[in-house]
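Hello,

Here is the structure I promised to pass on to you. Please open it next to this message, and then read on for what was found in it.

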Amino acid sequence: MNDIPAIEMKDVWFSYNKVPVVEGVSFTLSQGDFLGILGPNGGGKTTLLKLMLGLLKPERGEIRILGKPPKEARKFIGYLPQETDFHLSFPITVFELAIMGRLTHSKLGKPYTKDDHEKAEMALNQVGMWDYRFAKVGELSGGQRQRVFIARALASEPKILMLDEPTSSVDPQFESDLYELFKELNKDMTIVIITHDIGVISRYVKSVACINRTLIFHEEGKITEEMIEATYQCPVDLVAHGLPHRVFPLHKGKD
Amino acid sequence: MWEALHFEFMRHALAAGVLVSISCGIIGVLVVVNRIAMISGGIAHASYGGIGIAVFAGIAPFGGAAGFAVFMGLLMGWISLKQRDRSDAVIGALWAIGMAIGILFIDLSPGYNVDLMSYLFGSILAVGKPELWFMLVIDLLTLAAVILFYKELLAMSYDEEFAEVTGVPVRALYFLLLTLTSFTIVMLIRVVGLILVIALLTIPPYISEQFTSTLGKMMGFSILLSIFFITSGLWISYSFNLSSGASIILVAGAAFFLSHILRKV
């Protein structure tokens, strides 16, 4: 991969109705990285993602995606929103939803090409939903629907895949399949994932960021005591309970 | 019933019914899935302001209504984008302001007595040839827009945020939709009147949604339902000497309740 960073944030600030949500966030993510973003509810995880997507404009600071302003870089991004259980009565088939990911590559006012159809088919096969292509999206189970939304993100052949809690409504079996898929995909693309699952973070990601208005970035994918305390503001041993020990590096005794 | 077709006004009325159904079915579906029924109701009522201004200025009332409807529709759309959480209040205000403008201008028009009722409840039996041409033009515009931008409209209607991320010009499409909605509403005012427009716009899509798996099929089914409601309503109004607009809406209303019961089962 080349030298242009996948994501670059410099002193980014954002607030909703004067309530600060993101404060002075700076970090650089190289291409090919696999970033996990942790943080409490309302800590600004989704806001951070929307800033990267150009759906929100920072009040201060600068964001570059592959060296470009977010709006210009959109065609390189595959995006999975947090909520996928909306508009359940909407008449749309699985295939129609998956091929929507091809919009980034297609022209306004022109129908989808044969290539678009093939890419959508490939993406649906990747998530095991090709057999359901004629089904109405609203009639699927939550996990099946999530897979179709992931297929939609994949269909765009993104350079960066941004996933907002991709496993919130899938069954545990598919969840591990999914992470294996992401690991495979990570060979060709940068992945940014928002999750609550610290166990997952420890097994799959390369870098970790914790956000609770301010952001702590850790390139080696280790979750430090400081990060947990800063983000969740609760004693570390509570959070760590029941998690694989290798999540945490050996703690050097504090003076 | 067939002897009614000897009358030219009846043939015109049936032609108008079919023509308005095409735009009504297509735009109605987009109104329902984009949840802009409130704006549509606002446009329908506010367009009365255009009728008043046109009467005062001595130009064709439906030309005035069309221009004013588009203006008010875009204004409502724009303000509700700016103030999302107060959009219904803003639409409600513009809804009434538009009507009040119309009433005052008609008061100010000397010696002209407008048949208010025909605008409120429609007058499909008085549709003339020029209006049929106007309806045909609106239909062709609507069809062209929907065929051309089908994949973008589908993306915007289903998942606006994603559509925006993929570079679909959602703002421009939204205002295009409001413009087409305004023209469609003005056509429908001729058929069922501005008070009843909203029912003909929303009932066929509401029923169709249950039986269709794509937006295109939903539009097709809505067009057929709309034709059925208008022609059977017209037939009832002719046979029993009742108001055409209200008869059409009550046929649609009966189907609405029937489908609602079926939906529950």
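One definition comes before the rest: two strands count as paired if DSSP finds at least two bridges between them. With that in hand, look at the end of one sheet in chain A, where A:Ile211 has A:Leu215 in E9(A) as its bridge partner. Strand E8 (residues 207–212) of chain A and E9(A) run antiparallel and are joined by 5 bridges. Please keep in mind that this is a predicted model.

**The sheet of 6 strands**

Those two strands belong to an open sheet of chain A with mixed pairing, in the order E5-E6-E7-E3-E8-E9. Which strands stand at the edges? They are strand E5 (77–80) and strand E9 (214–218) of chain A; each has a single partner strand, so one side of each has no neighbour in the sheet. On average, and ignoring direction, neighbouring strands here are turned by 15° against each other. Helix H5(A) packs on this sheet, where it touches E5 and E6 of chain A. The direction of H5(A) makes about 170° with that of E5(A).

**The sheet of 3 strands**

Chain A also has an open sheet in which 3 strands follow the order E2-E1-E4, with antiparallel pairing. Its edge strands are strand E2 (19–29) and strand E4 (60–65) of chain A, each of which pairs on one side only. From one strand to the next, the twist averages 25°. Strand E1 (residues 7–16) of chain A pairs with E2(A) over 7 bridges, in the antiparallel sense. Helix H1 (residues 45–53) of chain A lies across E1, E2 and E4 of chain A and runs at about 60° to E2(A).

**Two helices that pack together**

How do you describe a pair of packed helices? You give the angle between their axes and the distance between the axes. For helix H4 (residues 114–126) and helix H5 (residues 142–155), both of chain A, the angle is about 135° and the axes are 8 Å apart. H4(A) and H5(A) are therefore oblique to each other, and their crossing is right-handed. On the H4(A) side, the contact is made by A:Lys119, A:Ala120, A:Ala123, A:Leu124 and A:Gln126. H5(A) brings A:Ala151, A:Leu154 and A:Ala155 to this contact. By class, the residues in the contact of H4(A) with H5(A) are 6 nonpolar, 1 polar and 1 charged.

**Domains of chain A**

In chain A, 13 residues of domain 1 are in contact with 10 residues of domain 2. On the domain 1 side, strand E6 (160–164) and helix H6 (172–185) of chain A are the elements that give two or more residues. The largest share, 4 residues, comes from E6(A). That side of domain 1 of chain A has 8 nonpolar, 2 polar and 3 charged residues.

**Where the two chains meet**

Happy exploring!

Technical notes. Residues numbered from 1 in each chain as written. Chains lettered and ligands numbered in written order. Predicted model: local features only at pLDDT ≥ 70, side-chain atom pairs only at ≥ 80, totals over all residues. Axes fitted to C-alpha atoms, helices over the stretch in contact; angles between N-to-C directions. Parallel < 35°, antiparallel > 145°, perpendicular 65-115°, else oblique. Left-handed = near helix turned anticlockwise from the far one by under 90°. Contact = placed C-beta atoms within 7 Å. Nonpolar A, V, L, I, M, F, W, Y, C, P; charged D, E, K, R; others polar.
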